[in-house]
Amino acid sequence: MTSGPESSVQDMFAQSVAVLSRPSPATFERFERRGRLTGALIYVMIAAVVSGVIAALFSFLHSDVTFFGQLFGRLITIPLGFLAFTGGVYLIGRTLFRGTGTYPEVAYSFALFYVPLSIVSTLIGIIPILGWLAMFVIGLAMIYFGFLAVQSSMNLRDQTQAVVTLVLAWIAQMVVAGVIGSVIAGIFVAGRAVTGN
């Protein structure tokens, strides 16, 4: 259960800066109960919109993507991937390790680092060669912050339990992403077959 009014986007941005600049379970603990699931989802949707627009505007730099494919792909995959991953963290942490956090606490904690890092990843990702290296580094940062967020939001202080929770949640997210990707690809293939393009 959370207390107080819903955190604004400005509040969440300030909390993101705090989490990124002072990474620790204690920093996450300061904020995890200040927000609700709605605030976390709005924050993630902002990341999806910003990332989608950036990727779409720079799609001309890449021959294998399209403007609308980048825009709508990110609007769909970012929030669904976030929900799948945080849902996995919550269910696995609670079921396997008796974590005591709530799903809103998990979602809020993860949104605080996921949103800014995903936007930065998109910005850097538009640079053809540098993008891959930067995305690798940002991926490592996501793992590190996720490790801290699991310890805080699910109250799993055992490092092995936190790591296992993250790995299993990542596998669950990959399965969901594969299913979503197949459905989206199928829609585009069907659309091309219908239009003859």
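**Exercise 1.** In this predicted model, determine how the reach of helix α3 (residues 37-57) stands against the expected value.

*Solution.* Helix α3 has 21 residues.

**Exercise 2.** Identify which residues of α3 are buried and what covers them.

*Solution.* The buried residues of α3 are G39, A40, Y43, V44, A47, A48, S51, G52, I54, A55 and A56. Their cover includes three helices: α1 (9-21), α4 (67-97) and α5 (103-125).

**Exercise 3.** Classify the aromatic pair formed by F110 and F113, and state how the two residues are placed in helix α5.

*Solution.* A pair of aromatic rings is described by the distance of the centres and the angle of the planes. Pairing requires centres within 6.5 Å, and the count comes to 7 aromatic pairs. For F110 and F113 the centres are 5.3 Å apart and the planes make 50 degrees, a tilted pair. The two residues lie 3 residues apart in helix α5, so about one helical turn separates them. Both F110 and F113 are buried.

**Exercise 4.** Classify the pair Y144 and F145, and decide whether each residue is buried or partly exposed.

*Solution.* The ring centres of Y144 and F145 are 5.6 Å apart. Angles over 60 degrees count as edge-to-face; the planes stand at 65 degrees, so this pair is edge-to-face. Y144 has a relative accessible area of 41% and is therefore partly exposed. F145, at 8% relative accessibility, counts as buried because the limit is under 20%.

**Exercise 5.** State which residues the ring pairs link into a cluster.

*Solution.* The cluster links F28, F85, F110, F113, Y144 and F145.

Methods
Residues are numbered from 1 along each chain as its sequence is written. This is a predicted model: local features need pLDDT of at least 70, side-chain atom pairs count only at pLDDT 80 or more; totals for chains, interfaces and linings use all residues. Side-chain values use heavy atoms; hydrogens and water are left out. Helices (H or I, at least four residues) and strands (E, at least two) are DSSP runs, numbered from the N terminus. The expected span of a helix is 1.5 Å times one less than its number of residues. Buried means under 20% relative accessible area, exposed over 50%, partly exposed in between (1.4 Å probe, protein chains only). Contact means heavy atoms within 4.5 Å. Rings of Phe, Tyr and Trp (its six-membered ring) pair if their centres lie within 6.5 Å; planes under 30 degrees apart count as stacked, over 60 as edge-to-face and the rest as tilted.
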